[in-house]
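Please find below my notes on the model you sent. They are meant to be read with the structure open.

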Amino acid sequence: MSLEAQPSSKERDQLRSVRDLLAERGLLNESTIAARLKEENGHRLVDLHTPVPSTSLLEPVDLSDPEALQVIRHSLAHVMADAVQRLFPGTKIAFGPPTRDGFYYDYDKAGPPFGEEDLKRIEALMREIVAQDLPFQREVLSPEEARNRLSKAGETYKLEHLERLIARGEEITFYHHGNWSDLCEGPHVPSTRFLKAFRLTGVAGAYWRGIETNPMLQRIYGIAFADEATLEKHLARLEEAKQRDHRKLGKELELFAFHPWAPAAPFFLPRGALVYNALIDYVRSLYRRFGYLEVITPQVFDRELFLTSGHLPTYSANMFFAASEEGLALIREDLEKAILQEDKAPELAALMKEGVRFALKPMNCPAHALIFKMERRSHRELPLRLADFGRLHRFERSGVTQGLTRVRSFCQDDAHIFCSIDQVQGEIEAFIDLLFGVYKDFGFEGSQIVVATRPEVRIGSDENWNRAEEALFTALRQKGLPFEIAEGEGAFYGPKVEFHLEDAIGRSWQLGTIQVDFNMAERFDLSFVGPDNTPHRPVVLHRAILGSIERFLGVLIEHTAGAFPLWLAPEHIILLTVSERYNAYAQEVLREMQAKGVRAIADLSSEKLGAKIRKARLMRIPYRGVIGEREAQSQTISLTQRDGNQELGALPVQAVIERILSEITPPSMRSSPN
RNA sequence: GCCGCCUUAGCUCAGAGGUGAGAGCAACGGUUUCGUAAACCGUAGGUCCGGGGUUCGAAUCCCCGAGGCGGCUCCA
C-alpha cells in the first residue's frame with residue numbers, strides 16, 4: 001500500500017507509459033519488470049511500455065514478485081518461438097502461454113518432428129538471444145496492418161486468432177524483441193536479460209485450440225523461474241516426486257502389477273490387496289455407523305438396463321460389451337444373410353445389438369434402481385442408502401490410462417441415496433461432513449471443491465437440472481465451503497460436486513463426489529408411497545468418498561511415499577532375528593501376535609541384522625522388532641518405529657501388541673487419544 | 001483415439017550392423033550365526049515385446065501390431 005503512487009491532478013487524462021509513470025514516482029528500479037494496474041475489481045498486470053492514463057494507480061512488480069513469474073515465462077515463450085523459427089524456417093506458431101511452472105509454445109513444423117537434439121539447439125539459441133539483452137517492445141496495429149503482417153509471414157494460426165480478436169473488438173497489439181514479433185497482448189519483461197533461469201523439458205502433441213478434430217501441433221514445454229537457484233530447487237522437487245510415483249512404488253513394494261493381456265486393469269498382489277481391503281473395511285465400518293446398507297449386484301446386464309438408465313445413448317463409448325457364443329453366431333447369420341441379399345444393411349448396427357446382448361456395468365446406479373424397484377417403497381424407508389463395492393469396467397481410450405489413477409477395471413466406494421426432495425439438503429450436508437472426516441483420517445489437508453454443471457450430452461429436463469444444480473450450490477453455501485464451477489462438466493444424468501486432491505507430481509485428481517440426480521428415478525419410474533398415501537418420485541444422490549479405490553490408493557501411495565499409516569499397512573510389524581539361533585523364540589512371538597490380530601511377519605533368514613533392517617525399511621513396515629540373546633532371555637523385543645526411525649527399547653511382547661492394537665483402527669475411531 | 005518417445009534376465013540397466021548378449025540386485029545351493037540401512041563363494045536364469053522385411057549377417061535398420069511413458073483430448 002505504501003508503494004502505491006498517487007496521481008497528481010495535472011497528469012489526469014494523459015496516456016503515459018507505465019515506465020515513465022513509475023520513474024516519475026520514484027518506483028522504478030533495476031529489477032522492475034512490470035506493474036500492477038489497479039482497476040475497479042482487483043488489478044491487471046501491465047508491462048513497462050503499456051500506455052495507461054497518467055492518473056493510474058500502479059504498483060511495481062519486481063523480479064522477486066510471485067506475479068513476475070508469469071511475465072518471465074510468457075516472454076520466454078516468445079524467445080523460444082524466435083529461436084525455433086530461426087532454426088526451422090517456415091515453422092508456424094500458434095499459442096504460447098505461461099503455465100504453472102513454465103511455458104510452452106505450439107508449432108506447426110513441416111518435416112520430421114522436434115527431437116531431443118533439436119531441443120538442445122533451440123535452448124542454446126535461446127540463451128544467445130537472452131544474452132543479447134534485447135528489449136521487448138509493444139506496438140498497437142490497426143486490424144488491417146495486423147492482417148497484412150501475419151499473412152505476409154504466413155502465420156495462418158495467428159491470423160485465425162487475429163480475426164477472433166477483431167470480432168471481439170479488442171485492441172490489436174504486437175510484441176517484438178530483436179527482429180521477431182508476435183501478435184500478443186503481453187505483458188512482457190522490459191528486456192531479455194530478465195530471462196535467466198529456464199530449461200526446455202519436452203515435446204508433445206497438442207491439438208490446435210485444444211479441439212480433437214483440429215490438426216495436431218507440436219508443443220515444446222519449458223520450465224522457468226526468476227533465478228537459477230529456484231529452478232534447481234524445482235528440478236529437485238520433480239526428482240523427489242518421481243521417487244514417489246505410485247507406479248514405481250507399486251512395483252517396489254509389491255502392491256500391484258499390470259499385464260499386457262489386461263491393459264489398464266490392475267492386479268493387486270497380496271500386499272496391495274491387504275491395503276485395498278483395509279480401505280474397503282474402513283469405509284464399511286463407516287457405513288454401519290452412517291446408516292448405509294451394502295448390496296452386491298451383477299456384473300453383466302442385458303442392454304435393456306442401460307437403455308433404460310440412459311447409458312447406451314450417452315455412455316456407450318465408455319462401455320465394454322459382452323456377447324455369448326450364441327449371440328455371435330446370430331450376428332454371423334444375419335451378416336451372411338445381409339451379404340447374400342446384397343442388402344446394404346442399414347440395420348447392420350441393430351443386428352449387432354441383437355447378438356451382443358450384454359454389457360459390463362460401468363456404474364452401479366442402474367442396478368440400485370432395480371433393487372429400489374423390487375419392492376413397493378414407503379417414505380418410512382427413506383433415505384435408503386444403498387452401498388456397493390461392485391467392480392466396474394469402463395472402456396478408456398488407450399492413451400488416457402495411467403497407473404492406478406486411470407484404469408479400466410475398478411471399484412468405487414459407491415452408494416446411492418434414494419430420498420425425498422426435502423431430505424436432499426440434509427443428506428448432502430451429512431455427506432460432506434462424512435467426507436471431510438475421512439480425508440482427515442488419511443492426513444489429506446486441503447481438497448479443492450468443484451461443482452460440475454450440466455453437460456451438452458445429457459438426459460432429463462432443464463427444470464430438473466435447475467433444481468439439481470441449485471441443491472448442490474445451496475448445500476455448499478450452507479457449509480460455507482469455497483468452490484469453483486466447471487461449466488458443462490457434469491455427469492450425463494446430473495450435476496456433481498467433485499472433491500479433488502493432488503498427487504505427488506501436482507496432478508489434481510477427482511476422488512470423492514456427490515451428484516444430484518432427478519432423472520434416474522423418472523427413467524426407471526421409481527416411486528415411494530408418501531405419508532399422504534400417494535406415490536412420490538424419489539431423488540437419487542450418487543456419492544463416493546474415496547472415489548475409486550484404485551485411484552485413491554494411487555494418490556495415497558504418493559501422499560505417504562509408500563509409508564502407509566499402521567492401520568493401512570500390509571504388515572504392522574516385522575520381527576528380525578539377530579541370528580538363526582533366535583528363530584524359535586521369534587516364531588513363538590509371531591504366533592502370539594498373529595493370534596491377537598496383529599499383521600506380523602518375520603525375517604528368519606541367515607542375513608545379518610543390518611541387511612534385514614535395510615529390507616524392512618525399504619518395505620516401509622511401521623514397526624521392526626529385533627530379537628537376539630537379550631530379548632530371548634527377557635521375553636521382550638526391541639522395538640523401532642519406522643517413522644522417525646525411533647528406537648523404543650526392549651519391551652515385553654504384550655506391551656508391543658497393545659501398542660500396535662491401539663493404532664490398528666483409523667484415527668477417528670480410536671477410543672483413547674493417541 | 002491423436003503426436004512423440006520407450007520395451008534386453010524377476011527388478012534396475014549396459015550393449016549404437018560383425019565372437020556363443022552382459023552387470024548389479026533378486027532367486028537357488030553352500031559357507032557364515034552375525035546387535036540396528038547391503039557377509040562371502042558358487043549356480044541357474046534370455047522367443048533382446050510380437051510378426052514381417054532389408055542384409056552375407058539384425059537386440060541394433062525399415063514396416064505392421066501390442067503394451068508402457070510424456071502430453072493433447074476425455075474422465076473416478
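Predicted model: local features only at pLDDT ≥ 70, side-chain atom pairs only at ≥ 80, totals over all residues.

1. Helix α19 (609-618) gives the largest share, with 6 residues. Other elements that each supply at least two residues include strands β11 (197-207), β12 (216-225), β22 (409-419) and β26 (508-517), and helices α7 (246-252) and α20 (629-634).

2. Contacts to the bases. Which atom of Arg406 approaches a base oxygen of RNA strand B? An N or O atom in the side chain of Arg406 is 2.4 Å from that oxygen.

3. Helix α5. This helix covers residues 156-167, and its 12 residues reach 17 Å from first C-alpha to last, close to the expected 16 Å. Tyr157, Lys158, His161, Leu162 and Leu165 are its buried residues. Seen down the axis of α5, the buried residues fall within an arc of 135°, so they line one face of the helix. An α-helix has 3.6 residues a turn, so residues three or four places apart point the same way. The buried residues of α5 pack against helix α4 (143-153) and strands β6 (92-93), β7 (102-108), β9 (172-177), β10 (180-183) and β12. Just after the helix, Gly169 has a positive phi of about 70°.

4. Arg385. This residue is found in strand β20 (384-388). Is Arg385 buried or exposed? Its relative accessible area is 16%, so Arg385 counts as buried, the limit being under 20%. The side chain of Arg385 reaches two backbone oxygens: that of Gly291 at 3.0 Å and that of Phe290 at 3.5 Å. Leaving aside neighbours within four places in sequence, Arg385 is also in contact with residues including Tyr292, Leu293, His416, Ile417 and Glu427.

5. Phe389. The loop between β20 and β21 (391-393) holds Phe389, which is buried at 12% relative accessible area. Beyond neighbours within four places in sequence, the contacts of Phe389 include Ile280, Val283, Arg284, Tyr287 and Cys411. The C-alpha atoms of Phe389 and Ile549 are 9.3 Å apart, although 160 residues separate the two along the chain.

6. Cis peptide bonds. Most residues other than glycine have a negative phi, and most peptide bonds are trans. The bond from Gly186 to Pro187 is cis, with omega near 0°, and Pro187 sits in the loop between β10 and β11. The bond from Leu382 to Pro383 is also cis, with omega near -5°; Pro383 is in the loop between β19 (377-378) and β20.

7. Arg620 has phi near 55° and lies in the loop between α19 and β32 (623-627). Asn645 has phi near 50° and belongs to the loop between β33 and β34 (646-652). Arg620 is partly exposed at 21% relative accessibility, and Asn645 is partly exposed at 33%.

Conventions. Residues numbered from 1 in each chain as written. Chains lettered and ligands numbered in written order. Heavy atoms only, no water. Polar contact = N/O pair within 3.5 Å; in protein donor to acceptor, adjacent residues only side chain to side chain. Helix = DSSP H or I, 4+ residues; strand = E, 2+ residues; numbered from the N terminus. Expected span 1.5 Å × (residues − 1). Buried < 20%, exposed > 50% of the residue type's maximum accessible area, 1.4 Å probe, protein only. Arc of directions from axis to C-beta. Contact = heavy atoms within 4.5 Å.
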